[in-house]
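Trainee: Can you walk me through this one? I'd like to know what sits behind each label.

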Amino acid sequence: MAVLPILQLGDPRLRQVSRPVTAAELATPATQAFIDDLIETMHHAHGAGLAAPQVGDLRRICAVHVRKNPRYPYKPDHPLTVFVNPVIEVVGDAVEWIYEGCLSVPDLRGLVPRHMHVRVTAWDRHGQPMALEARGLSAGTYQHEFDHLDGLLFVDRVADARTLTTWAEFDKHHKAEFVAHAQAINARYLGAPEKNDGPIE
Ligand code: NI
């Protein structure tokens, strides 16, 4: 296994639409080794997810894994999951504003609107069909990762550029309020215990 270099904002490969993977291609040792590398790279960089185009491989493959993530301590845990050729469907009209960051966009965060309930169909890494449903911040994570497969970055979804912030300034000026908001989202969509007082907005 190997830790791969992560492409950074400005690399044209991040802006391309990735192509679907065939079942035969997925089963090859080379593709399976690539998926191992993608996972190792995600873990090494403490990402909540990583999409193949972020390491220069323009195929519709991405991984998500959230477990006490130091980059996103308020994100609910999510088991290691590999998505191949994912198709996402929005359920309902709930949307929340989330501060996102990205391993391909160094030292920047910004507020993006994300649907709070989605259904996903995809193959797992062995080509077995999966159907998943996600609510809350996990639904946002899926949208972020799948956007990469279409050449989109979170900065494209930032509606107000004035919300852009470095990570240090986020910690100083926005973190406390956003962590409360994230906890409210977890409570509203996952039924987790609510930790903050007052109205949820
Ligand atoms: Ni990203």
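Mentor: Start with the elements: helices (H or I, at least four residues) and strands (E, at least two) are DSSP runs, numbered from the N terminus. By that rule the protein has 5 helices and 7 strands, in the order α-α-β-β-β-β-β-β-β-α-α-α. Mind that this is a predicted model, where local features need pLDDT of at least 70, side-chain atom pairs count only at pLDDT 80 or more, and totals for chains, interfaces and linings use all residues. Residues are numbered from 1 along each chain as its sequence is written, and side-chain values use heavy atoms, leaving out hydrogens and water.

Trainee: Why does Phe 170 count as buried?

Mentor: Buried means under 20% relative accessible area, exposed over 50%, partly exposed in between (1.4 Å probe, protein chains only). Phe 170 has 1% relative accessibility, so Phe 170 is buried. Phe 178, at 3%, counts as buried too.

Trainee: What makes Tyr 99 and Phe 170 an edge-to-face pair?

Mentor: Rings of Phe, Tyr and Trp (its six-membered ring) pair if their centres lie within 6.5 Å; planes under 30 degrees apart are stacked, over 60 edge-to-face, the rest tilted. Here it's 5.0 Å centre to centre with 65° between the planes, hence edge-to-face. Tyr 99 belongs to strand 4 and Phe 170 to helix 5, 71 residues apart.
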